[in-house]
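Visitor: Could you take me on a close look at a single part of this molecule? I am new to this, so please go step by step.

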Amino acid sequence: MIPFHHDHVGSLLRPTNLIQAREQYKSGIIPLEQLTSVENEEIIRIIDKQKQNGVLGITDGEFRRSWWHFDFLGGLDGVEYYEKETGLNFHKMETRKEGIRITGKIVFSSHPFIEHFGFLHDHAGDAVAKQTIPSPNMLVYRVDYNEEIYQNRETFLKDTIAAYQKAIQAFYDAGCRYLQLDDTAWADLFSEEGHNKLRAKGLDPAEEMKVMQYMINESIAHKPEDLVITMHICRGNYKSNFFASGGYDYASETIFGGLDVDGLFLEFDDERSGSFEPLKYVNRKNLKIVLGLITSKSGELEDKEKVKARIAEAATYVPLEQLCLSPQCGFSSTEEGNILSEEQQWRKLRFVKEIADEVWK
């Protein structure tokens with residue numbers, strides 16, 4: 001049953017030779033074909049490593065990406081990836097100075113990610129190949145808007161939905177049956193600071209919550225019946241640092257009772273994410289709740305009994321069989337990666353499986 005009782009968000013630490021190859025390509029030392037060859041070799045290796053460590057939903061580690069979101073969004077027609085004057089302000093640091101902007105009408109015609117998934121699917125064998133892409137909300141709330149191209153926001157939203165509907169069908173046609181939408185936009189609703197950021201842009205938090213719900217539900221409205229679509233909600237992850245804080249309370253009725261996804265990957269690894277009480281709004285027996293109780297931001301293992309106790313606490317709101325366990329985020333949302341070793345990463349994933357095997361016997 002997807003998502004699995006022990007699962008993971010998707011991104012994995014980039015190996016040194018892949019990092020070096022990418023830098024050589026950027027510097028013009030090697031051609032794209034040589035970089036692709038290194039990516040292919042490392043993805044095949046990482047597929048095998050996931051299987052060896054008990055991972056069931058196999059990803060390509062997002063090894064062909066620099067960012068978890070910009071690479072996909074910048075590949076849509078009408079969107080451009082570019083260098084900015086400033087980066088995003090995370091806790092204690094600023095990200096690379098890169099972003100995306102609108103250059104034309106948003107359309108999905110073709111995309112390199114479809115071919116990338118095909119490679120993963122071909123080499124995953126009998127395992128489930130999992131594809132991750134940013135949610136449509138990431139285009140809505142992270143793109144530099146262009147009022148000359150889109151005088152009407154509603155048209156922009158509808159074009160984005162149409163592009164996502166085509167993208168989802170294209171992944172399905174390529175063999176994808178497990179698709180995850182990664183979304184940090186919801187975090188803007190989790191604190192007064194986030195609300196103020198929206199208001200500073202002339203946006204009302206309550207109205208934007210409706211927009212976020214609309215974008216998700218309409219984008220997946222025509223998905224094939226046997227395609228499982230989950231959503232991962234994160235508060236930012238860049239070099240083991242976070243972007244936002246706050247519990248799910250303000251948006252809980254919408255997130256847990258108003259989205260048509262099959263599962264939710266939720267960040268719950270520390271006090272910044274609040275309590276489990278918002279889970280009381282889960283109103284569907286077929287909605288899987290994946291508890292991100294294991295941090296991907298450090299290599300230290302959590303106390304197993306405390307993790308089990310937290311799962312038991314969550315089960316007072318949602319039946320145990322609807323719950324799953326995973327790290328709270330990927331290990332390398334950007335190519336820089338989090339501050340832990342590759343072996344610590346595998347140890348974390350084995351730890352998730354170990355706990356899940358004991359809880360869901």
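Guide: Let's start with the second largest pocket, which has a volume of about 640 Å³ in this predicted model. Its lining is made up of 25 residues, and those closest to the centre of the pocket are Arg22, Leu32, Arg64, Asp71 and His116. Four of them give two or more residues to the lining: α1 (16-26), α2 (32-52), α3 (70-73) and α4 (112-124). Helix α2 provides the largest share, with six residues. If you sort the lining of this second largest pocket by kind of residue, you find ten charged, eight nonpolar and seven polar ones.

While you have the structure open, let's turn to one residue, tyrosine 81. You can find tyrosine 81 in strand β2, which covers residues 77-83. Its relative accessible area is 34%, and because that value falls between the 20% and 50% cut-offs, tyrosine 81 counts as partly exposed. Next, follow its side chain to its partners. Another polar contact, at 2.5 Å, is made between the side chains of tyrosine 81 and glutamate 98.

Methods: Residues numbered from 1 in each chain as written. Predicted model: local features only at pLDDT ≥ 70, side-chain atom pairs only at ≥ 80, totals over all residues. Heavy atoms only, no water. Helix = DSSP H or I, 4+ residues; strand = E, 2+ residues; numbered from the N terminus. Buried < 20%, exposed > 50% of the residue type's maximum accessible area, 1.4 Å probe, protein only. Polar contact = N/O pair within 3.5 Å; in protein donor to acceptor, adjacent residues only side chain to side chain. 1 Å grid on protein atoms, 1.4 Å probe; cavity = no way out; pocket = protein on both sides within 12 Å on 5 of 7 lines; lining within 4 Å. Points joined across faces, edges and corners; volume = space filled by probe spheres on them. Nonpolar A, V, L, I, M, F, W, Y, C, P; charged D, E, K, R; others polar.
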